[in-house]
Amino acid sequence: MKPLSQAELPDAPVRLCAVSEAAVSVIKALQERGIQVLEVKRHPKLAAPVASHPDMLLRPLPSGKLLGMAGLRFRETLFGKGIEVREILRQPEEIYPGDILLNSLILGNFCYGRRLSAAQELLDYCANGGLEFVDCRQGYARCSVAVAGAQLAITADKGLHHALSSRGVECLLIPPGGILLPGYNTGFIGGCCGLLDKDLLAFSGDLEKFCYGEIIMEFLDHHHVRYCSLTAGPMWDIGGIVPLLQKS
């Protein structure tokens, strides 16, 4: 196994990914596919429905680096697998926007997020690593966007759709809603999925039964991206399926 050269964009079959400990059925489905799962434990300072969501607690960076909330307890495990973990100093808060320190999207040479709320370590990495930070009104930038490829994305957020499209990303805009996230009116499409290979996007629930599944499948088919449903249940925002290691 080896780390991904680009954040969350595998170019070979994924062998290890991070998933919320609460997503038991998704974890089982991934393991049945031969994929190891790093179960992300809940953070005591975050709101209960999202307390173990990877997109709130982790920010994968290019070339085997990762930013994480302090106290996640798997720093040594990942270091032994070739992933360098740096813990951020600031602690999250339960209420928005104090909970979105790491909820930013890296795609291409850009990092999309809410600058005023982003962890300083992430801003420093962008400044020193050649990534342009795109300041967005939507603070939940990562969980709002399903990444389907290096230049492919899906979102229900108009602001992120404009930001991505204007920077060369082929981005499908879908209506909001239809995604389960207990405690909230709806979840986000990016929190329902993750790439398991360079051209395979996995969803937490049954994509064919999702209210906007048909237009998503048409978009993915058009761009030759395969897709799979890990469970027969409804689409469920689990904080994403975050690829960390791929086949050597």
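Predicted model: local features only at pLDDT ≥ 70, side-chain atom pairs only at ≥ 80, totals over all residues.
**Entry 1: charges and overall build**

I started with the charges: the mean positions of the 24 positive and 26 negative charges of the chain are 4 Å apart. For this count Lys and Arg are positive, Asp and Glu are negative, and His and the chain ends are left out. Each charge is placed at NZ of Lys, CZ of Arg, CG of Asp or CD of Glu.

Residues are numbered from 1 along each chain as its sequence is written, and side-chain values use heavy atoms, with hydrogens and water left out.

Next I looked up the secondary structure, and the chain has six helices and 16 strands. These are DSSP runs numbered from the N terminus (helices: H or I, at least four residues; strands: E, at least two).

Then the dimensions: the C-alpha trace spans about 40 × 35 × 35 Å along its principal axes.

The chain exposes about 10,800 Å², and carbon and sulfur atoms supply 51% of that. Those areas come from the Shrake-Rupley method with a 1.4 Å probe; for residues, only the protein chains shown count as cover.

Among contacts (heavy atoms within 4.5 Å) between residues at least 6 apart in sequence, 61% join residues at least 24 apart.

**Entry 2: Gln-246**

I went to strand E16 (residues 242-246) to find Gln-246. What does the side chain of Gln-246 make a polar contact with? I found the side chain of Asp-11, at 2.5 Å. A polar contact is a pair of N or O atoms within 3.5 Å; within protein, one must be able to donate a hydrogen and the other to accept it, and residues adjacent in sequence count only if both atoms are side-chain atoms.

Gln-246 counts as buried because its relative accessible area is 2%. Leaving out residues up to four places away in sequence, I see Gln-246 touching Met-1, Lys-2 and Leu-4, among others, plus Pro-10 to Arg-15 in the listed set. Glu-76 is 170 residues away from Gln-246 in sequence, and their C-alpha atoms are 19 Å apart.

Is Arg-59 buried or exposed? Arg-59 is buried, at 0% relative accessible area, and it sits in strand E4 (residues 58-61). Beyond its neighbours within four places, the contacts of Arg-59 include Ala-7, Glu-8, Leu-122 and Arg-142.

After H4 comes Gly-130, with a positive phi near 80°.

**Entry 3: the loop between E6 and E7**

I found Asn-103 in the loop between E6 and strand E7 (105-107). Asn-103 counts as buried because its relative accessibility is 0%. Not counting residues up to four places away, Asn-103 touches Asp-55, Met-56 and Arg-142, among others.

Pro-97 is also in the loop between E6 and E7. A cis peptide bond joins Tyr-96 and Pro-97, with omega about 5°.

Ser-63 isn't a glycine, yet its phi is positive, about 60°. Ser-63 lies in the loop between E4 and E5 and is exposed at 52%.

Arg-73 also has a positive phi, near 70°. I placed Arg-73 in the loop between E5 and helix H3 (75-79), and it is exposed, with a relative accessible area of 66%.

**Entry 4: Ile-238**

Last stop: Ile-238, in the loop between strand E15 (226-229) and E16. Ile-238 is buried at 2% relative accessible area. Its touching residues, those up to four places away left out, include Val-19, His-53, Pro-54 and Gly-191. Ser-52 is 186 residues from Ile-238 along the chain, with 8.4 Å between their C-alpha atoms.

Terms used. Buried < 20%, exposed > 50% of the residue type's maximum accessible area, 1.4 Å probe, protein only.
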